[in-house]
Amino acid sequence: MFRNNKHGYGLISILLHWLSAITILGLFAVGFWMVDLTYYSSWYKTAPEIHKAVGVLLLLVTVFRLFWRLVNPKPINGGHKLWERRVAHWTHGALYALLLLILVSGYLISTADGRGINVFDLFAVPSLGALFDNQADLAGLVHQYLAYTLIALVVVHMLGALKHQFIDKDQTLLNIIKPKENR
């Protein structure tokens with residue numbers, strides 16, 4: 001089952017979810033680590049280049065994921081309380097919004113000097129140049145604080161999934177692990 005149905009997520013949605021989750025956590029860890037690199041570290045130039053390239057790929061995956069979400073039915077969570085459905089709706093919206101803002105601010109940091117972003121020598125994303133004063137610094141602050149906010153929201157998201165699995169004992173967590181027809 002590649003597409004979602006009313007009973008559960010399809011393989012494409014599941015793969016996109018976990019690919020995004022692992023990539024976001026990895027980018028956060030690398031970003032947190034690389035800000036303390038010194039000029040003499042062998043990773044000083046390499047880590048940011050990898051971080052930028054993976055960020056561009058994550059942007060492409062996220063745009064595709066949003067498209068996929070629009071053209072696929074959302075599984076019905078009939079057993080959830082109204083407040084849980086509302087919190088989930090707003091949390092998912094906030095996760096996507098934060099992610100997109102972080103990716104755009106990363107682009108603004110990386111291209112403020114007029115250079116584009118090389119994505120593993122596969123293609124380059126061109127620079128629009130500096131669009132406003134102190135672009136790299138201001139976008140850097142936005143990038144940093146939104147990244148911390150995103151990770152905090154990811155923790156809330158994970159705790160919600162664990163609550164559904166171990167307290168409510170429903171199928172919410174399993175829905176994003178395996179396609180329904182495989183259970």
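Let's start with Leu162, which sits in helix α4; helices here are DSSP runs of H or I with at least four residues, strands are E runs of at least two, and both are numbered from the N terminus. Leu162 is partly exposed, with a relative accessible area of 39%. For that label, buried means under 20% relative accessible area, exposed means over 50%, and partly exposed is in between, using a 1.4 Å probe and protein chains only. From Leu162 to Ser20 you count 142 residues in sequence, and their C-alpha atoms are 19 Å apart in space.

Before going on, know that this is a predicted model, where local features need pLDDT of at least 70 and side-chain atom pairs count only at pLDDT 80 or more, while totals for chains, interfaces and linings use all residues. Residues are numbered from 1 along each chain as its sequence is written, and side-chain values use heavy atoms, with hydrogens and water left out.

Now step back to the whole protein. You'll find 5 helices and 2 strands, and reading along the sequence gives the pattern α-α-α-β-β-α-α. The C-alpha trace spans about 55 × 30 × 30 Å along its principal axes. Of the 183 residues, 33% are buried. Contact means heavy atoms within 4.5 Å, and among contacts with a separation of 6 or more, 69% are between residues 24 or more positions apart.

Back to α4, which covers residues 135–166, and its partner α1, residues 11–34: the two pack at an angle of about 135°, with their axes 11 Å apart. Axes are lines fitted to C-alpha atoms, for helices over the stretch in contact, and angles run from 0 to 180 degrees between N-to-C directions. α1 and α4 are therefore oblique to each other, since angles under 35 degrees count as roughly parallel, over 145 as roughly antiparallel, 65 to 115 as roughly perpendicular, and the rest as oblique. The crossing of α1 and α4 is left-handed, meaning that the near helix is turned anticlockwise from the far one by less than a right angle (clockwise would be right-handed). On the α1 side the contact is made by His17, Ile24, Leu25, Phe28 and Phe32, and on the α4 side by Ala147, Tyr148, Leu150, Ile151, Val154 and His157. Sorted by class, that gives 9 nonpolar, 2 polar and no charged residues. Here Ala, Val, Leu, Ile, Met, Phe, Trp, Tyr, Cys and Pro count as nonpolar, Asp, Glu, Lys and Arg as charged, and the others, Gly among them, as polar.

His51 is buried, with a relative accessible area of 15%. Leaving out residues up to four places away in sequence, His51 touches Leu27, Val30, Gly31, Met34 and His143.

α2 also packs with α3, at an angle of about 145° and with axes 10 Å apart, in another left-handed crossing. Residues from α2 in this contact include Leu58, Leu59 and Arg65, and those from α3 include Tyr96, Leu99 and Leu103. The contact of α2 with α3 has 7 nonpolar, 4 polar and 3 charged residues.

Finally, look at Arg115, in the loop between α3 (82–111) and β1 (117–119). Arg115 is exposed, with a relative accessible area of 58%. A polar contact of 2.6 Å joins its side chain to that of Asp113; such a contact is a pair of N or O atoms within 3.5 Å, and within protein one must be able to donate a hydrogen and the other to accept it, with residues adjacent in sequence counting only if both atoms are side-chain atoms. Beyond its neighbours within four places in sequence, Arg115 is in contact with Ser110 and Ser127.
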